[in-house]
Amino acid sequence: MRDVAIIGTGCTKFGELWDRSLRDIFVEAGVSAIVDAGIQGEEIDGLYMGNMSSGRFVEQEHVGSLIADYSGLASKLHVPATRVEAACASGGLALRQGILAVASGYADIIVAAGGEKMTDVDLDTATDALAAAADREWEGIMGATFPGLYAMIARLHMHKYGTTSEQMAAVSVKNHHNGTMNPIAQFRNEITLDTVLQSNMVADPLHMFDCSPISDGAAAVVLAPADVAKKYTDTPVYVKATTQASSPISLHDRADITTLDASMVAGQRAYKMAGLTPDDIDLVEVHDCFTIAEICAIEDLGFFKKGDGGRASEDGETAIDSSIPVNPSGGLKACGHPVGATGIKQAVVITEQLRGTAGKSQVDGAGIGMTHNVGGSGGTAVVHIFSRDR
Amino acid sequence: MTVSRFWRKIPHRYNLIGTHCTNCGEYYFPPRQMCPTCRRDGKIESYQFEGKGEVITYTVIHTAAKGYANQVPYNLAIIKLNEGPSLTGQVICEPGELEIGTRVRSVFRKLGEESEKGMIYYGTKFVVE
C-alpha cells in the first residue's frame with residue numbers, strides 16, 4: 001500500500017444557503033480544493049462524494065454523476081464518481097474510500113468531497129430524514145428521534161458517572177467560543193451556560209443548545225500519493241491512519257449504551273495503524289452532533305477515562321489552549337452539521353491546522369491531528385489521523 | 001410507513017415475538033434470521049416474550065418525531081426484557097414517574113397514524129408494573 005497525502009482543500013460557508021443548490025455548493029467546494037492543489041481536471045482519476053440523503057432533502061439521487069457533470073468532469077473526461085452513504089459519517093467514509101483508492105495504486109489523484117443541502121425542506125421533513133439513520137422499524141416507529149436517542153445516552157451517562165447538565169452545556173459554550181474564530185461557521189456568537197440551560201427542552205435532558213443545527217454546506221479535499229505530494233504543494237498533510245468500525249444500528253442493542261464502541265474500536269485501530277497513542281495527538285475534531293456525543297467521543301477515543309469527559313469539558317481541559325484541543329473549528333454544534341459534509345470538513349480543518357493556516361483558532365505547534373465521524377447513534381464510526389511530517 | 005412494510009412486522013410488533021437461538025441460548029428482539037453470536041452455527045426459532053422488564057434509560061420527548069406531535073411530551077425508554085434483549089418503546093405514565101430501574105410490562109396500543117384517513121399503526125408500548 002502507498003502512503004497518501006492531502007494536497008488541497010476547499011469548503012463552502014456552512015449555514016442556511018438558500019440562494020444555492022446542492023450542486024452549487026458541491027462544485028464550489030470541489031473547485032476550491034482543485035485550485036488549492038493546483039491540479040487540472042485531466043489529472044483527476046475519480047471522485048468520492050459523501051452524501052446522506054439527497055433523495056429526501058432535495059429529491060435528487062444519482063448525485064455522483066450529477067456533480068461530476070456540473071464540475072465539467074463528465075462530458076469529455078468521463079471521470080468516475082461514486083456516492084458514499086453512511087448517515088452522518090458519509091463524508092468521513094467518502095474520504096476513506098478515496099484514500100483506499102490512492103493507497104491501493106488504482107488511482108493517483110482523487111477528489112473526496114461531502115455535501116448536504118438540508119434547509120430546502122421543512123423542519124419536520126428534515127427531522128424525519130435524519131431519523132432514517134436509526135432503525136426505522138424498531139426505533140423510529142416507536143417515536144424515537146435523534147435527539148431522543150442521544151438523550152437516552154446522556155441520561156445513563158449522568159446516572160452512571162454523575163455527569164451534569166452544566167457539564168454538557170460547557171461543551172456547547174466552548175464550541176460556540178471556537179466558532180467565533182471560524183469564518184465558515186454557521187454560528188459565530190458566544191453563548192453562556194444559561195443560554196444552553198434555559199433553551200427549550202428537546203428531549204430531556206438535552207436542550208436545544210445541546211444539539212447541532214440543520215445546515216447546508218460542502219467540503220472537499222484532493223488526495224495524492226505521498227511520494228509526489230511535494231510536486232503540488234509545499235505543505236502536504238500525510239494520512240497516518242484511516243479506520244472504520246460498525247456497531248448494531250439500534251442503540252438498544254449495544255452492550256454499553258454510554259460507550260459508542262464503534263468509535264472506541266475505530267480509534268484503537270487508528271492508533272495501532274499510525275503507531276501512536278492518544279498522548280501523541282495534538283488536536284482532534286470529534287463528532288459532537290449533541291454535547292453528550294462529544295463527552296462520549298473524548299472518552300471512547302482514549303483522551304479521558306470513561307466517565308471523566310463531562311468533568312474534563314467543564315474544567316476547560318478540551319479548550320484550544322489545553323493539552324488536547326477538541327473541535328477548534330466550533331465542531332458540529334457551532335460550525336454547523338450538513339450531515340454528508342461533516343467528515344470532509346473535519347479533514348479540511350485538521351489540514352489547515354497542520355499547515356499552520358488556521359488563523360485565530362490555530363493550535364500552537366500542531367503536528368498530528370485526528371478526525372472522528374459518527375453515523376447515526378454510533379452504527380458507523382470513521383477515524384483518521386493526519387500528520388504534518390511524513 | 002407503507003402497508004406492506006408494516007404488515008410484515010405485525011406478528012412481531014403485535015405479539016412481541018422475537019427469536020431464540022437454541023445453540024447458544026440467547027434471545028433476540030427484534031427477531032433475527034441469523035444468530036449474531038453463533039452466526040451460521042446458530043439454530044434460530046421463534047419465541048414469544050413475556051413482555052416484562054426494566055427501564056435501562058429513558059427520555060421525555062418534547063420535539064416529536066413526524067406524526068407523533070399530538071403525543072408530546074411522551075416517554076421513550078430502552079427496556080431490558082427479563083429474557084435478556086433490550087428494545088426501544090414508549091412508556092405510558094406521567095413524566096417524572098419514570099426512573100432508571102422502573103419495572104414495566106408491555107401493553108397493546110396504537111402507536112400512530114399516517115393521517116386522518118391513512119393507516120393506523122398498532123404495536124407494543126409499556127406501562128409501569
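Q: Let's start with a term: a polar contact is a pair of N or O atoms within 3.5 Å, where within protein one must be able to donate a hydrogen and the other to accept it, and residues adjacent in sequence count only if both atoms are side-chain atoms. How many residue pairs are in polar contact across the interface of chain A and chain B?
A: This is a predicted model, so to speak with its cut-offs: local features need pLDDT of at least 70 and side-chain atom pairs count only at pLDDT 80 or more, while totals for chains, interfaces and linings use all residues. Residues are numbered from 1 along each chain as its sequence is written, chains are lettered from A and ligands numbered from 1 in the order in which they are written, and side-chain values use heavy atoms, with hydrogens and water left out. With both residues at pLDDT 80 or more, the number of pairs found by the rule is 13.

Q: Which element of chain A gives the most residues to the side that touches chain B?
A: Helices (H or I, at least four residues) and strands (E, at least two) are DSSP runs, numbered from the N terminus. Two or more residues come from each of α5 (123–131), α6 (146–161) and β5 (201–204) of chain A. With six residues, the one that gives the most is α6(A).

Q: How many residues of chain B are in contact with chain A?
A: Contact here means heavy atoms within 4.5 Å. Chain A brings 27 residues to the interface. On the side of chain B, the number is 36.

Q: Which three residues supply more of the area that chain A buries against chain B than any other three?
A: Buried area is the accessible area (1.4 Å probe) that two parts lose on being put together, summed over both. For chain A and chain B that comes to about 2,800 Å², with 63% from carbon and sulfur atoms. Of the share that chain A buries, 27% comes from Trp138(A), Ile141(A) and Met142(A).

Q: Which residue of chain A meets Arg32(B) in a salt bridge?
A: The rule for a salt bridge wants a side-chain nitrogen of Lys or Arg within 4 Å of a carboxyl oxygen of Asp or Glu. With an N to O distance of 3.1 Å, the partner of Arg32(B) is Asp253(A).

Q: How many residues apart in sequence are the parts that Asp128(A) and Arg56(A) tie together?
A: The two side chains meet in a salt bridge at 2.8 Å, N to O. Buried means under 20% relative accessible area, exposed over 50%, and partly exposed in between (1.4 Å probe, protein chains only), so Asp128(A) at 15% counts as buried and Arg56(A) at 32% as partly exposed. Asp128(A) lies in α5(A) and Arg56(A) in helix α2 (residues 54–57) of chain A, so the parts they tie together are apart by 72 residues.

Q: Is helix α11 (residues 291–300) of chain A largely enclosed or open, and how many of its residues are buried?
A: Its buried residues include Ile292(A), Glu294(A) and Cys296(A). They pack against α6, α7 (165–179), β6 (206–207), α10 (261–274), α12 (309–314) and β10 (368–375) of chain A. The helix is largely enclosed by the rest of the structure, because the buried count is 10 of the 10.

Q: Which residue meets the side chain of Thr259(A) in a polar contact at 2.7 Å?
A: Thr259(A) sits in the loop between β8 (237–246) and α10 of chain A, and at 9% relative accessible area this residue is buried. Leaving aside neighbours within four places in sequence, Thr259(A) is in contact with Met264(A), Asp300(A) and Lys306(A). The side chain at 2.7 Å belongs to Asp256(A).
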